[in-house]
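Student: Could you walk me through this one? I'd like to start with how you define your terms.

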Number of protein chains: 2
Amino acid sequence: MNDIDLSNINITIVGLGLIGGSFAKSIRENINLKNLWAIDVDENVLSTAEKLKIIDKGFINPKFPLQNSDIIILCIYPNLTIKFIKDNINDFKQNAIITDTSGIKHKIVQEVNSFIRDDLDFIGGHPMAGKEVNGFSNSNDNIFYNAQYILTPSKRSNLTNINILKVLLSELKFEAVTELTPESHDHIIAYTSHLPHIIACALVNNVANNTCSCIGGSFKDATRVANINASLWSELLIENKDAVLEEVDKFIGDINNIYKLIESNEQEYLRLYLEKSCEKRKMMKV
Amino acid sequence: MNDIDLSNINITIVGLGLIGGSFAKSIRENINLKNLWAIDVDENVLSTAEKLKIIDKGFINPKFPLQNSDIIILCIYPNLTIKFIKDNINDFKQNAIITDTSGIKHKIVQEVNSFIRDDLDFIGGHPMAGKEVNGFSNSNDNIFYNAQYILTPSKRSNLTNINILKVLLSELKFEAVTELTPESHDHIIAYTSHLPHIIACALVNNVANNTCSCIGGSFKDATRVANINASLWSELLIENKDAVLEEVDKFIGDINNIYKLIESNEQEYLRLYLEKSCEKRKMMKV
């Protein structure tokens with residue numbers, strides 16, 4: 001796997017926002033390759049990235065970079081990811097690897113695989129990294145350092161291609177790359193990412209001026225991600241509806257267990273519950 | 001208020017744990033006073049603090065330091081706070097100011113005021129600061145920097161005494177000292193502190209080994225405080241039961257509103273809800 005040579009390949013990033021921009025900066029910083037191109041609808045972002053020498057060239061029209069790229073990394077919204085691949089399916093280079101970075105995987109992998117050309121390999125991806133700000137100007141390669149990366153290859157994915165992506169990602173300093181099925185990914189992520197975002201947004205709902213003087217670290221941290229990209233997240237949550245609602249149900253059940261212990265003054269059982277939570281949190285090692 | 005001179009007073013800290021230790025270190029670092037004493041049941045902690053010159057002297061027996069201290073800062077559990085003041089009510093110096101640091105205020109202020117000597121002034125306090133570790137060895141004056149402090153004077157509190165505490169606390173580099181009634185404190189804190197702790201503990205309940213590779217910042221941050229002092233928190237939550245259960249009910253209502261929007265595929269209404277949350281979070285300015 002370490003024999004893989006990236007020095008003669010072209011990579012194109014589709015969408016130079018927070019994640020796409022961070023990918024571009026990280027690839028430029030860490031990888032010796034032939035060409036790094038980007039496709040975006042915003043000419044200004046492309047010319048800024050060109051001037052800063054973060055990309056070799058930017059394109060509004062995807063034809064040329066797609067026809068000449070070995071790896072294409074899509075950094076756009078979930079449904080737009082499917083649409084972009086479908087609209088440009090005839091323009092991808094023979095045997096190209098296409099990957100994405102969106103927060104849901106089952107629907108994307110299933111739909112893309114339903115129309116993809118036989119020679120192309122779509123391998124879904126999801127960097128467990130982000131920021132409470134959007135756009136290329138906020139992108140930074142350091143958001144990837146020590147973050148987790150999930151790849152969701154399908155049965156038709158080629159082992160060599162999976163390894164190429166793994167080598168690429170490890171060069172970008174992700175802490176670990178884990179392979180999951182698209183279904184497992186969506187289920188686990190409903191719990192570890194979608195649920196905490198829902199909680200954060202619900203929790204800030206009653207914040208008022210007179211509450212602010214009483215805000216400590218616990219409230220700050222639990223609501224940090226309420227500073228949310230509402231368009232993206234309304235799409236993610238609905239696209240992952242079944243798993244999300246199941247996790248919300250489980251969580252409300254857990255909250256109700258604590259509620260009942262408090263209500264009935266069961267201080268010793270409450271202490272045991274909190275102690276178990278404390279042990280589980282320590283087990284997480286993060 | 002700035003004319004207040006602390007250089008000729010004695011302060012005693014009761015309980016040299018995380019908060020008491022941090023108070024001792026911060027007072028030693030920032031305030032020129034006559035004597036800084038501490039009372040604790042653990043002789044080792046007292047002698048360590050003495051050797052490090054953080055306190056001038058430590059006492060197992062509270063009589064001498066209480067009889068000679070102008071300000072007493074209790075840094076022990078809520079019910080123990082009440083018991084300590086009651087057990088030692090005849091030993092406090094004439095006109096002393098007694099304050100505490102525990103996370104609930106109504107019960108403590110009410111009970112202490114029911115038996116306190118007329119010349120003494122009990123003014124409840126609550127530093128909005130902490131750590132996921134306990135004990136003197138983890139104490140650090142930097143946990144107070146830029147943190148909020150709540151004081152809950154009662155009707156019998158003397159204005160000069162309140163001001164003395166405010167001067168003391170501002171010297172310890174708290175960002176702001178806010179006065180609230182004990183009842184308001186408990187209600188607001190149920191929302192801004194007790195609720196996020198309950199959420200964190202409920203949220204880690206389903207964590208498993210295969211979830212860990214999918215953990216990003218949102219889950220880490222929302223569960224940070226699940227690393228909890230279970231004995232202290234089981235007491236706090238039950239002592240503030242009415243306000244806590246009311247806030248949990250409201251929160252479940254807010255979660256259910258999001259649930260229904262997802263369930264019925266109301267993407268545009270969901271986007272608006274999340275956008276409102278985002279604005280509220282930005283308003284918090286923390």
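Student: Before we go on, what sort of model is it, and what conventions apply?

Tutor: This is a predicted model, in which local features need pLDDT of at least 70 and side-chain atom pairs count only at pLDDT 80 or more, while totals for chains, interfaces and linings use all residues. Residues are numbered from 1 along each chain as its sequence is written, chains are lettered from A and ligands numbered from 1 in the order in which they are written, and side-chain values use heavy atoms, leaving out hydrogens and water.

Student: OK, back to the sheet. What is the strand order in chain B?

Tutor: Eight strands of chain B form an open sheet in the order β3-β2-β1-β4-β5-β6-β7-β8, with mixed pairing. At the edges stand β3 (57-59) and β8 (176-179) of chain B, each with a single partner strand, so one side of each is left without a neighbour in the sheet. The twist averages 25 degrees from one strand to the next, where angles run from 0 to 180 degrees between N-to-C directions and axes are lines fitted to C-alpha atoms, for helices over the stretch in contact.

Student: And which helices lie on that sheet?

Tutor: Helix α2 (residues 43-51) of chain B lies across β2 (35-39) and β3 of chain B, at about 170 degrees to β3(B). Helix α6 (residues 159-171) of chain B also packs on the sheet, where it touches β1, β4, β5 (97-100), β6 (121-127), β7 (148-152) and β8 of chain B, a contact being heavy atoms within 4.5 Å. The direction of α6(B) makes about 165 degrees with that of β7(B).

Student: Switching to chain A: which way do the β4 side chains point, and are they buried or exposed?

Tutor: A:Ile71 and A:Ile73 point one way from β4(A), A:Ile72 and A:Leu74 point the other way, and all are buried, meaning under 20% relative accessible area, with exposed over 50% and partly exposed in between (1.4 Å probe, protein chains only). β4(A) runs parallel to strand β5 (residues 97-100) of chain A, joined by four bridges, and A:Ile72 stands opposite A:Ile98 in β5(A).

Student: How do the two chains relate?

Tutor: Chain A can be laid on chain B with an RMSD of 0.0 Å by a turn of 180 degrees and a shift of 0.0 Å along the axis, which is the relation of a two-fold axis. The superposition is by least squares on the C-alpha atoms of residues with pLDDT of at least 70 in both copies. The same surface serves both copies, as 100% of the contact residues of chain A recur in chain B.

Student: Which residue of chain A comes closest to the rotation axis?

Tutor: That is A:Ala222, at 2.1 Å by its C-alpha.

Student: Which residues have the most contacts inside the largest nonpolar core?

Tutor: They are A:Phe251 and B:Phe251, in a core of 121 residues; a nonpolar core is a set of buried Ala, Val, Leu, Ile, Met, Phe, Trp, Tyr and Cys residues joined through side-chain atoms within 4.5 Å. Not counting residues up to four places away in sequence, A:Phe251 touches A:Leu195, A:Ile199, B:Ile199, B:Ala202, B:Leu203, B:Phe251 and B:Ile255.

Note on methods: Two strands pair if DSSP finds at least two bridges between them. Helices (H or I, at least four residues) and strands (E, at least two) are DSSP runs, numbered from the N terminus.
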